[in-house]
2 protein chains.
Amino acid sequence: MMITNKDNSKADTKGNKTRQLIVDTAAKSFSKKGYLATPLKEIATSVGMKTGSLYYHFSSKEELMEEVLATGMILIKQKVDEEMATLNEGASFQEVFKTAVRGHLKAILQHPDYTSTSLRNYIQIPPSVRDALHAKRVSYEQFWQDIITLGEKQGVLRKGLDTRLLKLSIFGCMNWASIWYKEGEKTIEEIATVQAEIFLHGCLAE
Amino acid sequence: MMITNKDNSKADTKGNKTRQLIVDTAAKSFSKKGYLATPLKEIATSVGMKTGSLYYHFSSKEELMEEVLATGMILIKQKVDEEMATLNEGASFQEVFKTAVRGHLKAILQHPDYTSTSLRNYIQIPPSVRDALHAKRVSYEQFWQDIITLGEKQGVLRKGLDTRLLKLSIFGCMNWASIWYKEGEKTIEEIATVQAEIFLHGCLAE
DNA sequence: CCTACCGATCGGTAGG
DNA sequence: CCTACCGATCGGTAGG
C-alpha cells in the first residue's frame with residue numbers, strides 16, 4: 001500500500017519546480033517592465049518553452065499575476081515578522097516603528113521582483129486579481145494600524161493626529177522607494193533609519 | 001496686408017479645440033485605466049471620431065502620452081507657484097515647506113487627470129517619453145531641493161540629515177496620495193497640514 | 001477627418 | 001509540454 005502525500009502542493013516534483021520557475025520569471029518581468037507590457041511569450045521563452053505550454057501550469061495571465069502578487073505580500077509579511085522578532089518584550093513604540101520600517105524596506109528593496117510588483121503595477125492590476133488579494137492587503141495594513149495604536153496606548157503620539165493618515169503617509173514614503181531606489185548609493189539600513197527618524201521626530205533640529 | 005499671428009500654436013481655432021479635447025480625453029483614460037490599457041479607439045470614440053483620424057492631430061500614441069505628461073508637470077508647477085505667491089518675503093522654512101506641500105497636493109488631487117498620470121503610470125511610460133520630460137522633472141525636483149536648502153541656510157534642519165532622502169521621502173508621501181485619495185473623506189488642506197507637520201515635527205508628542 | 005485596411009501581436013485553445 | 005492555430009485587437013497608414 002502506497003503512502004500518499006495528500007498535501008503535495010509544495011512537493012518538490014519536476015512539475016512544481018517548473019511552475020516555480022515560471023512564477024519567478026514572471027515576477028521579474030512584471031516588476032521591471034510591467035504586467036501589460038510583458039507578453040506571455042517572453043516569459044515562456046525565458047523558461048525554455050512555448051507560449052501555449054504555459055497553460056499546462058496556469059489557466060490565465062491573470063492567475064500568474066495573482067500568484068506573483070500573493071507571493072510578494074507573503075514575502076513582505078515574512079520579512080517584517082523576521083525583523084519584529086528581534087525586538088524584546090515591551091519595546092517602545094519608537095523601536096517597534098523603526099523596526100517595522102526597516103523590515104518593510106528590506107522586503108521591497110532587497111528582493112524587489114515579487115515584493116515591488118504590486119507597487120509598480122498598481123493601476124495595471126486587473127480588478128479580479130485585486131479583489132482576490134484584498135484580504136491579505138487589509139491584514140497587512142491592520143498590522144501597521146496596530147503599531148500606531150500601540151503608540152497611542154503608550155501615550156507618545158501627538159494628540160489629535162489622524163492615525164490612518166499617518167499610516168498612509170509612511171506607506172507612501174516607503175513604497176515610493178521601490179521606484180527611486182538604486183543599489184549601491186545608500187544602504188537600506190540607512191534609508192530606514194532616516195525615514196523612521198523623519199516620521200518620529202521630523203526634519204527639524206530640536 | 002494681413003496681420004498674421006506668427007505664434008498661432010495656442011490660437012483658438014477649431015483644430016486646436018479638437019486637439020485639446022483629444023488630450024483631455026486621453027488624460028482622463030491614461031490616469032484612470034493606465035496608458036497601455038487604454039486603446040486609441042476608446043479615446044477616438046469618446047471625442048466622436050474614428051481611430052485613424054487621431055493621426056491627423058498626433059503622430060503616435062506616445063506623442064499623445066508625452067503631451068499629457070508635459071501638461072501635467074506644467075500644471076503642478078503652476079499650482080505650486082500659485083500657492084508660493086501667498087507667502088511674504090522672508091517666510092520661514094516651516095511656512096515655505098508647508099505651502100509647497102499644500103500646492104503639490106492640490107495639484108495632484110484636485111485635478112488628477114493630467115497631474116497624476118505620471119505617478120500612476122510610472123512603469124508604463126515609454127523610455128523616449130521619459131527622456132523627453134527629463135528636464136522638466138529635474139527642474140521641479142530642484143525646486144524642492146532649493147526649499148530644503150533654505151532650511152539648511154536658516155539652520156533649522158537636523159544636522160547630518162540627508163536632504164536628497166528627505167526630498168524623496170516627502171515626494172513619496174505626497175505622490176502616494178494620488179493612489180489612495182478619495183474625495184469627501186479628508187480635505188486636501190487637512191492632508192497637507194498633517195503631512196507637513198509629520199515631516200517638520202514628527203508624529204511624537206513634544 | 002473618414003474609409004478601408006495593414007501587419008503584427010496578443011492571450012488563449014484543441015488535439016495530441 | 002509541443003504543434004498548430006484561432007479570433008480579437010492593437011497602433012498605425014494610404015488615399016482620398
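Chain A and chain B bury about 4,200 Å² between them, with 68% of that on carbon and sulfur atoms. Buried area here is the accessible area (1.4 Å probe) that two parts lose on being put together, summed over both. The model is predicted: local features need pLDDT of at least 70, side-chain atom pairs count only at pLDDT 80 or more, and totals for chains, interfaces and linings use all residues. Side-chain values use heavy atoms, without hydrogens and water.

Each chain brings 46 residues to the contact (heavy atoms within 4.5 Å). The interface of chain A and chain B holds 6 salt bridges (a side-chain nitrogen of Lys or Arg within 4 Å of a carboxyl oxygen of Asp or Glu). One of them joins B:Glu197 to A:Arg158, at 3.3 Å from N to O. Several elements of chain A give two or more residues to the side that touches chain B, among them α1 (14–33), α4 (93–110) and α9 (163–175). Of these elements, α9(A) gives the most, with 9 residues. Helices are DSSP runs (H or I, at least four residues), numbered from the N terminus.

DNA strand D is surrounded by 14 residues, each with a heavy atom within 4 Å of the strand. The closest are A:Thr18, A:Ser53, A:His57, B:Tyr55 and B:Lys61. An N or O atom in the side chain of A:Ser53 lies 2.4 Å from a phosphate oxygen of DNA strand D.

Key
Residues are numbered from 1 along each chain as its sequence is written. Chains are lettered from A and ligands numbered from 1 in the order in which they are written. A polar contact is a pair of N or O atoms within 3.5 Å; within protein, one must be able to donate a hydrogen and the other to accept it, and residues adjacent in sequence count only if both atoms are side-chain atoms.
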